[in-house]
Amino acid sequence: MTDNTTAQVGDFISDNPDFMDALAAAQEKLFVARDMATEGTAADLHCLDVVALFGASASLYDMQDEIERVIAACAGKDRPAFWQLALPYLAVEADRRYARRNLLEQAWPHIRGLAGDLARLDAATLARTFSALVDGADEATAGDNEFRAYALAYAALSLCDEAAQRLGQPTEDIDRAIEGLYKRIHGRFANDDGSFGEGTPESYALAAVLGLGDGREMAVRLAKLACGGDVTADAITTAFAFDVLNRYGHDDVAEQWLLAGAQPNAARWLFQGLGGIRVADDAVAADHIEVRPYFSTKTDNVTCSYKTPRGQLFLTWERKGANIALTLMVPAGTQVDLWLDGALQVIPSDPDPITQAFLIEG
C-alpha cells in the first residue's frame, strides 16, 4: 500500500534469512492505495485490498497521506458500495495510529450517512450489497459467501460505531442496528458446535475478529486448518487469520504458515508476532501499545521498532543460552502492556521516554 517515496516508520531485523526474505517479498507486494485513489482508478479499487493490506503497510510505512487520499476518493456518494467498509476503517485508523483526528472528523458526515443507510437496510439487501466484496460472488449465495457478506456488513456497522464513539457522537441507532444484525447472523449461520457457515478458515477468522463467536475456540479451529495447509490465500482471509492466530497465542502456526509462503501479510505478523508490537485497539495516536513477543526457536535475535507520533518504540530480544534478554524503549506519553511468560506488566505513560531491560529465564 505504499511506494518507496513513503517514509518508513517501522523496521524489523532477524538473524534468520528466511524471515528477512519474507519481509522483502511482502514489501514488494504491498498494494499502492495512493495510486488507486487517483482520478479514474478509484472505482476499480477493491476495498478488501485496502483493509487487508493496510495493517501490513502501516507496520512499515507512514500511511497518513495514503489515508487522506483514499478518504477524499471515498467521500463522494457516487462511489461503489465497497467503499462502505474502507472509509470508516481508514478514518478510524487515522485516529488510532496517527495524530490525525481531523481526518476522522472530515470523514464523519459520510460515515454517519453510511451508518444510517446500513441501519435501514433489510437483511437480504445487506447481503446483496456486501456480496460484491466476496471474491467470486456476484450476489449473496448459500454457504460461506453469504455468511461473509453478512459478516462484512456487521464489520462496517461496527466501524461506524467505533468512529462515533471516538468522536463522542450518539451511537444508539447504530448499536440497535448492530444488535439486530448480530441476531440475524446467529439465527441464520450459527452451528451447534459454535462455528458459523460452513466452518471454513474464512468463517473462523471473521467470527473471531468480529466477536461473533468464541474467539479462542475459533482460533483453535483455524490453527488446526492452518497446520494442515487448509487455508485459502486471499488477502482478507490471510490478514484476519494472521491477526487471530497472533491474538490467541498461535504464533507457532502463523510462523509455519508464513515460512510456507503466505504473503504479503507476513510483514504484519513479523512485527506483531516476533517483534510483539501491536497498536492497541483503543489507542489514540498510538498512545497505547501491546507488546507480546513470540520467542521463536528459529531465530536467536530480533530487533523491531515502530515510530509513533510521540517517538520511537524499540524492542530487541536475544537468546542467551536458555534465557532471553529483552530491552524495551518506550516513547514519552505512551502506555505499554507488556506480556512475558503469560504475565502482564503495565508500563504506565510517562512524560519522559523509558528504557527497561528484562531477563526471561528458560
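Colleague: How many disulfides does the structure hold?

Modeller: Zero disulfides. A disulfide here is a pair of cysteine sulfur atoms within 2.5 Å. Keep in mind that this is a predicted model: local features need pLDDT of at least 70, side-chain atom pairs count only at pLDDT 80 or more, and totals for chains, interfaces and linings use all residues. Residues are numbered from 1 along each chain as its sequence is written, and side-chain values use heavy atoms, with hydrogens and water left out.

Colleague: What about Cys-160, buried or exposed?

Modeller: Cys-160 counts as buried because its relative accessibility is 0%. Buried means under 20% relative accessible area, exposed over 50%, partly exposed in between (1.4 Å probe, protein chains only).

Colleague: And how does Cys-227 count?

Modeller: Partly exposed, because Cys-227 has 44% relative accessibility.

Colleague: How much of the protein chain counts as buried?

Modeller: 54% of its 362 residues.

Colleague: Switching to folds. How many helices and strands are there?

Modeller: The protein chain has 14 helices and nine strands. Both are DSSP runs numbered from the N terminus: helices are H or I with at least four residues, strands are E with at least two.

Colleague: What is the order in the sheet of five strands?

Modeller: The order is 1-4-5-6-9, in an open sheet with antiparallel pairing. Two strands pair if DSSP finds at least two bridges between them.

Colleague: Which strands stand at the edges there?

Modeller: Strand 1 (10-14) and strand 9 (354-360). Each has a single partner strand, so one side of each is left without a neighbour in the sheet. From one strand to the next, the twist averages 10 degrees. Axes are lines fitted to C-alpha atoms, for helices over the stretch in contact, and angles run from 0 to 180 degrees between N-to-C directions.

Colleague: How many bridges join strand 6 to strand 9?

Modeller: Seven, with strand 6 (residues 323-330) running antiparallel to strand 9. Val-330 has Ile-354 of strand 9 as its bridge partner.

Colleague: What lies across that sheet's strand 1?

Modeller: Helix 14 (residues 266-274), at about 75 degrees to strand 1. Helix 14 also lies across strand 4 (301-308) and strand 5 (311-320).

Colleague: How do helix 13 and helix 14 cross?

Modeller: Their axes come within 11 Å and cross at roughly 150 degrees, with helix 13 covering residues 251-259. Helix 13 brings Asp-251, Ala-254, Glu-255 and Leu-258 to the contact, while helix 14 brings Ala-266, Trp-269, Leu-270, Gly-273 and Leu-274. Contact means heavy atoms within 4.5 Å.

Colleague: In which sense do strand 3 and strand 7 pair?

Modeller: Parallel, over four bridges between strand 3 (residues 288-291) and strand 7 (residues 335-340). Val-291 sits opposite Leu-338, and Ile-289 opposite Val-336.

Colleague: And strand 7 with strand 8, parallel or antiparallel?

Modeller: Antiparallel, over five bridges, with strand 8 spanning residues 343-347. Val-336 faces Ile-347 of strand 8 there.

Colleague: Which residue takes a positive phi in that hairpin?

Modeller: Asp-341, near 55 degrees. The hairpin has two residues between the strands.
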